[in-house]
Amino acid sequence: MTSLTAEQYKQKMQRRKEVQEQRVSQAAREKGLIIVNTGNGKGKTTAALGMVMRSLGHGHRVAIVQFIKGGWEPAEKSVFTKWGEQISFHALGEGFTWETQDRDRDIQKVYEAWNLALSYIRNPDFKLVLLDEVNVSLKLGYLKLEDLLAGLDEKPEDSHVILTGRGAPPELIERADLVTEMKMIKHPFREQGVRAQPGIEY
């Protein structure tokens, strides 16, 4: 690494600041976003919940609909109930698919969750709607991709929808405005046999 004098460093940072200010000034447009968090790594829902907290902090109304995971009470649900009517939280699955072992019922529960989610997506009073693990529902064939894409078309112009879960299909990735892929490098369950822990996994 080339060492810079204090004056050279200052000039370099000034140029960087000017470039950044120019980029910001050119990005004056606002729009509601379709956001996808996917990939095999941990943190897809956690990142989405960070956006939920941010939206709540700005006073926006938020809805969370959890697909698949609803067989247990997530800790975040108890935290979000403190926000009262500003947030609507629904865990509508009956657990992971290897636990339920009933495909027809899984599909039924996913469509119940989807119909509820659609009511929030259409509602302009909700600035942010999180569809947690919906990508898994698509991957398993429980929810039709065409139904999901058609539902996203009904989103108001200034509201945001976050879709999480591994295996997001290419058509959804193409449609989205922001896509993040979580990549697993190491995981304590796989490498060390460490079980899921409160405050980390749930």
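Colleague: Which residue is the bridge partner of V65 in β4?

Modeller: L131 is the bridge partner of V65. This is a predicted model, where local features need pLDDT of at least 70 and side-chain atom pairs count only at pLDDT 80 or more, while totals for chains, interfaces and linings use all residues. Residues are numbered from 1 along each chain, and side-chain values use heavy atoms, without hydrogens and water.

Colleague: What makes β2 and β4 a pair?

Modeller: Two strands pair if DSSP finds at least two bridges between them. β2 (residues 61-66) and β4 (residues 126-132) have six bridges, in the parallel sense. So they count as paired. Strands here are DSSP runs of E, at least two residues; helices are runs of H or I, at least four; both are numbered from the N terminus.

Colleague: How many bridges join β2 to β3?

Modeller: Five, and β2 and β3 (residues 87-91) run parallel. In β3, S88 is the bridge partner of A63.

Colleague: Why is β2 called mostly covered?

Modeller: Five of the six residues of β2 are buried. Buried means under 20% relative accessible area, exposed means over 50%, and partly exposed lies in between (1.4 Å probe, protein chains only).

Colleague: Why is E133 called buried?

Modeller: The relative accessible area of E133 is 15%. The cut-off is under 20%, so E133 is buried. E133 sits in the loop between β4 and α6 (134-139). Its phi is near 65°, a positive value in a residue other than glycine.

Colleague: Why are α5 and α7 called roughly parallel?

Modeller: The axes of α5 (residues 103-122) and α7 (residues 145-152) come within 10 Å and cross at roughly 15°. Axes are lines fitted to C-alpha atoms, for helices over the stretch in contact, with angles from 0 to 180 degrees between N-to-C directions. Angles under 35 degrees count as roughly parallel, so α5 and α7 are roughly parallel to each other.

Colleague: Which residues make the contact?

Modeller: Contact means heavy atoms within 4.5 Å. From α5 come Y111, W114, L118 and I121; from α7 come D147, L148 and G151.

Terms used
Parallel < 35°, antiparallel > 145°, perpendicular 65-115°, else oblique.
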